[in-house]
Amino acid sequence: MPEIKKLELSPSISIIIAGVIIAGAIYVSNNRPATAPVATTNTAQQAGPAVDVSQVKTAGEPFIGNVNAPLTIAYWYDYQCPFCRRHEEQTMPQLIKDYVDTGKAKIIFKDYQFLGPDSQTLGQFARAVWAVSPGKFYEWHKAVYDNQGTENTGWATQSKIFSITTSVLGASDTNKVATLVKTNGDAYQKEMDADKAEGTAFGVTGTPAMVIGKQLVSGAVPYAQFKTAVETALAGK
């Protein structure tokens, strides 16, 4: 059997080979497909656009609360969003009780109607309701969520919307609302699209979302998170 001779390398060649191996390992590590998100503590990389509720357009928008309240909360929503319904059921009542009813905050309603035709139709009706009976806007808004159907099943029929609106405004004002939607629908849609674009510029990517002071709070998260954001914003006044 032939003798196997041991390959001996000079120190300089060994160093070169080791360098090539290390460089290849680094390349593979940096270029392999990621199998899971990598956690990072670099908040600067995670931060979205800077937000400031003072930069939010409020003129002509539906709102509840004292017009001169020290704090403005901007609220983006979609009428078909099930998470918005949860937000309306679990968070809004307490938020209204603690801050709107006490005169500390007002809430501005901003359209982010992105889930389909029913969302757009309801958004237009909401603006007409605000024009006809602003004092009953939130009652109507809440009634829509109380009667919300499954997303994109065509549940927001004219008959359904008329029924909800009549239960809140009465027949006469419902007819006025329907007339406004018919004559001003295109204008309402442009206003809704502008709301959505504005929200997107602030980092809103879905609903519900609120800009409170200089914070964006996204999702149907526990009330405590909204309370913390509100208290922080009020402390800065």
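**Core and sheet of a predicted model**

Student: Leaving aside neighbours within four places in sequence, which residues does Phe109 contact in this predicted model?
Tutor: Leave out the neighbours within four places in sequence. Contact here means heavy atoms within 4.5 Å. The partners of Phe109 are then Glu61, Pro62, Phe63, Ile64, Tyr75, Tyr77, Met92, Phe137, Tyr138, His141 and Asp195.

Student: How many residues are in the second, separate core?
Tutor: This core stands apart from the largest one. Val53, Ala74, Ala209 and Val211 are among its members. The number of residues in this second core is ten.

Student: And how many residues make up the largest nonpolar core?
Tutor: Phe109 is one of the members that touch the most others. Tyr79, Met92, Leu95, Ile107, Trp140 and Ile212 are listed with Phe109. In soluble globular proteins, nonpolar side chains tend to be buried together. The largest nonpolar core has 48 residues.

Student: In what order do the five strands lie in the open sheet?
Tutor: The pairing is mixed. The edge strands, β1 (63-64) and β5 (215-218), each pair on one side only.

Student: Which residue in β3 is the bridge partner of Leu71?
Tutor: Strand β2 covers residues 71-77, and strand β3 covers residues 105-111. The two pair in the parallel sense over seven bridges. In β3, the partner of Leu71 is Ala105.

Student: What percentage of the 237 residues in the protein chain is buried?
Tutor: Buried means under 20% relative accessible area. Of the 237 residues in the protein chain, the buried share is 40%.

Notes: Residues numbered from 1 in each chain as written. Predicted model: local features only at pLDDT ≥ 70, side-chain atom pairs only at ≥ 80, totals over all residues. Heavy atoms only, no water. Pairing = 2+ DSSP bridges. Helix = DSSP H or I, 4+ residues; strand = E, 2+ residues; numbered from the N terminus. Buried < 20%, exposed > 50% of the residue type's maximum accessible area, 1.4 Å probe, protein only. Core = buried A, V, L, I, M, F, W, Y, C linked by side-chain atoms within 4.5 Å.
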